Amino acid sequence: MEESIKMRARVIYNPTSGKEVLKKSLPDVLDILESAGYEASAYATTPEPNSAQDEATRAAEAGFDLIVAAGGDGTINQVINGIAPLEKRPKLAILPGGTTNDYARALKIPRGDIVEAAKIILKNQTVKMDIGQAGEKYFMNIGAGGSLTELTYEVPSKLKSVFGYLAYLVKGAEMLPRVKPINMRLTYDDGVYEGKASMFFLGLTNSVGGFENLSPNARLDDGKFSLIVVKTANLIELLHLAAMVVHGGKHINDPRILYIKTSAFKAEPLDENFKMMINLDGEYGGDAPMTFINLRQHIEMFANLDDISDDAVVGDPEELEISDAFVKEVESLTNQDINGDGQIS
């Protein structure tokens, strides 16, 4: 009698993440995957550029059913960039081993205990997560631009989230007074903002830099970014807005903030001599002008659905609600096939 063919899982882990806790926990993680019905193997990332991304692509193309991304948000972002462009994408599980772990927080995956995080796979609960595309790159949580976001490149790596570092800045960092308003044009589904702003921010979850109120009504799978435009660059006003984020997400109704939902977005600096760098998941992702598209329910991920509120997940849609008119307009402006239909409007 032939044995049934097991599904295959590939653990891609950063051996230096979290004081090598991942490396030490690897045997237990592999045992849990075997218990979940997977034939499991592991790959340790190297210092080579895009090590995790290249291995994720290889494993997906080799037919692995599950990829387990083990490490910080940077490792997870690389794995997502490795599989997001593919037509056939494996399921994804996350074992947080970094410092911020915003994505694990959004999926309610235990942080600080790798083995407990792996046990989430045994619950067999998944959600088809939205993924952001910015040019030819992909992001899982945040896309942003403006002088306020560019300060993130100068702070310690553990604080590299668009708003997470504000908690650090409020405690006395000297960089915040350097924030200047930028003249920009921001095009979204239902309109255009043209004027000065210190930053724009596109969120895919409600968890950014340890805050869970930055995008208080964010959903994980509705095909919509939460767009936040901060119009002010005044130091006191920025600190006031940061405080409103902490205290219940009241910033979204403030006149100094533009807060809307959009499925597509384009950012353009209007000052010819200004270079607007784009921040994707806390890292440099290229320069504007940049077009962003929400890829609805693009990657199926294991999550602790028992602890995720019902209004954070839409579930399978009857039809995608992405604005075709807007996508076609952006295609005509960029001369790029954005929706993958093989045609440029």
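This is a predicted model: local features need pLDDT of at least 70, side-chain atom pairs count only at pLDDT 80 or more; totals for chains, interfaces and linings use all residues.

Analyst: Happy to. Residues are numbered from 1 along each chain as its sequence is written, and side-chain values use heavy atoms, with hydrogens and water left out.

Helix α2 covers residues 51-61 and helix α3 residues 73-83; their axes come within 7 Å and cross at roughly 40°. Axes are lines fitted to C-alpha atoms, for helices over the stretch in contact, and angles run from 0 to 180 degrees between N-to-C directions. Helices (H or I, at least four residues) and strands (E, at least two) are DSSP runs, numbered from the N terminus. The crossing of α2 with α3 is right-handed, that is, the near helix is turned clockwise from the far one by less than a right angle.

Which residues do the touching? On the α2 side they are Ser51, Ala52, Gln53, Ala56, Thr57 and Ala60, and they meet Thr75, Gln78, Val79, Asn81, Gly82 and Ile83 of α3; contact means heavy atoms within 4.5 Å. By type, the contact of α2 with α3 has 5 nonpolar, 7 polar and no charged residues. Ala, Val, Leu, Ile, Met, Phe, Trp, Tyr, Cys and Pro count as nonpolar, Asp, Glu, Lys and Arg as charged, and the others, Gly among them, as polar.

Another helix pair is worth a look. Helix α1 (residues 21-35) and helix α5 (residues 114-123) pack at about 20°, their axes 9 Å apart, and are therefore roughly parallel. Their crossing is right-handed. Among the residues in contact are Leu22 and Val29 of α1 and Val115 and Leu122 of α5. The residues of this contact of α1 with α5 comprise 10 nonpolar, 2 polar and 2 charged.

Finally, there is an open sheet of 6 strands, ordered β12-β11-β10-β7-β14-β15 with antiparallel pairing. Its edge strands, β12 (257-262) and β15 (283-287), each pair on one side only; two strands pair if DSSP finds at least two bridges between them.

Conventions
Angles under 35 degrees count as roughly parallel, over 145 as roughly antiparallel, 65 to 115 as roughly perpendicular and the rest as oblique.
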